[in-house]
Amino acid sequence: MIGHGYVGLVTASIFADAGNKVNVIGRTPEKITKLKSGDPLIFEPGLEEILDRNLKNGNLNFTLDYDSIKNSKIVFIGVGTPSGKDGSASLDQVYVVAEMIAKNLGKNFTVISCKSTVPVGTNREVEKIVKKNAPKNAKFAVASCPEFLREGTGVNDTLHPDRVIIGSESQDAIDLLLELHKPIGGERVITDLASAEMIKYASNSILATKISFSNFIAEMSEVAGADAETVLEAVGLDNRVSDKFLNVGIGYGGACFPKDVKALAYIGKQMKLDTGILDNVEKVNVNARHRFAQRVIKNANGKKLAIWGLSFKPNTDDIREAPSIDIMNELLKAGFELSVYDPQAMGHIRKIFGDKLTYYEDKMKALKGAESLVVLTEWNEFSSVDLSVVKKTLVNPVIFDGRNVYDPAQMKKLGFKYYSVGRKDIK
Ligand code: UDX
């Protein structure tokens, strides 16, 4: 496995736990040292135990050295594919790694497979690079085997995926990948390289579309005086739609949806297609953050706010493309003072905002002196909090709830002013 981010590290650990010998190759010595000592470098529930177990039994090894590829049957590429300025996926790391793999291929047949999300055609390019740089008689085949794990539930998602996608022209590669995935659940979809690459982008984009559609219905519901949650719950009862990914709020963030929607739109534009559907998914998402920030700016009773939740979603320390970043920037620009709390993500946020924010290790302490509370991530500890204590601690009993964590009827009963998404304000 080349790369030890969320995808690389979780997948490598699960394959090691299933009894395979897995070498994880990185490029930063300090990170490899930490990983060797059992520090996963990321917060992912359940991962540390698996890492520890497989370091001890020797199934998992971390190294800077590509030499281990010589004896590998399968090499996965799990490096980052960040968004370029134009929305395209930057493939520099994938191509550099492909060259390194080629130069280290051994005598045996090797499958080279991208776990990273890559645009249609990338695996072909990888094939060309490997061909150009590999020893003359090297036997290899390229396969696309995209990963669908979510952060926060990565271990379970990897063990029990809905489907395993394998795209390749080589039956030997398909057979090896099927064997590797034997202990893992889910339907098998065997297809060609381009379709496998497209499946990943199409999957992430349809989920992002459901979220943006829901947030548009939320915006409409606020104007119409309807309740978006009731509307979408009823819509989701139609099993052709399903009730998943219809949660309204301040939109999607993270390392995948924002990047992949933009990348698919970029690919469509290269093909001279009308990409309006994807462009608008992105537009509604950006607007969901802005709309929420403006509602806070318009309705807050003072200039001191407490912010609960900074990660892009609960159960992760990840803040990549987190709505909290845009919202806090907008609030700071409007002259607010922000006291922030998050159970996992404060270290990362501090690196961006420095002393522009005041950081609290205790969520209740963050409320002291604050004139309103703003909730930006639905961590469990926020929904289970004693709201009567929250009310007593805040200067004004005002809550802006970007994730619809609380029940409006209860907020009314407790005497809060309460603003949530797609639902009537409680004033
Ligand atoms: C996503 C895909 O789910 C996963 O299959 C893929 O491999 C990587 O991208 P992830 O980014 O970890 O996973 O998180 P996910 O749980 O899908 O949530 C993404 C974002 O959408 C979060 O910001 C979340 O808050 C938001 N979201 C999700 C909503 O706003 N509403 C919803 O109904 C669901």
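By class, 8 nonpolar, 3 polar and 4 charged residues line the largest cavity; Ala, Val, Leu, Ile, Met, Phe, Trp, Tyr, Cys and Pro count as nonpolar, Asp, Glu, Lys and Arg as charged, and the others, Gly among them, as polar. A cavity is a set of points, on a 1 Å grid over the protein atoms alone, where a 1.4 Å probe fits but cannot get out, and lining residues have an atom within 4 Å of a point. The model is predicted: local features need pLDDT of at least 70, side-chain atom pairs count only at pLDDT 80 or more, and totals for chains, interfaces and linings use all residues. Residues are numbered from 1 along each chain as its sequence is written, and side-chain values use heavy atoms, with hydrogens and water left out.

Of the 15 residues lining the largest cavity, K115, E147, P161, V164 and H181 lie nearest its centre. Two or more lining residues come from each of α1 (6-17), α6 (154-159) and β6 (163-168), where helices (H or I, at least four residues) and strands (E, at least two) are DSSP runs numbered from the N terminus. The largest share, 3 residues, is that of β6. The space in this cavity is about 120 Å³, a volume being the space filled by probe spheres set on the points, which are joined across faces, edges and corners.

Methods:
On a 1 Å grid over the protein atoms alone, a cavity is a set of points where a 1.4 Å probe fits but cannot get out, and a pocket is an open set with protein on both sides within 12 Å along at least five of seven lines; lining residues have an atom within 4 Å of a point.
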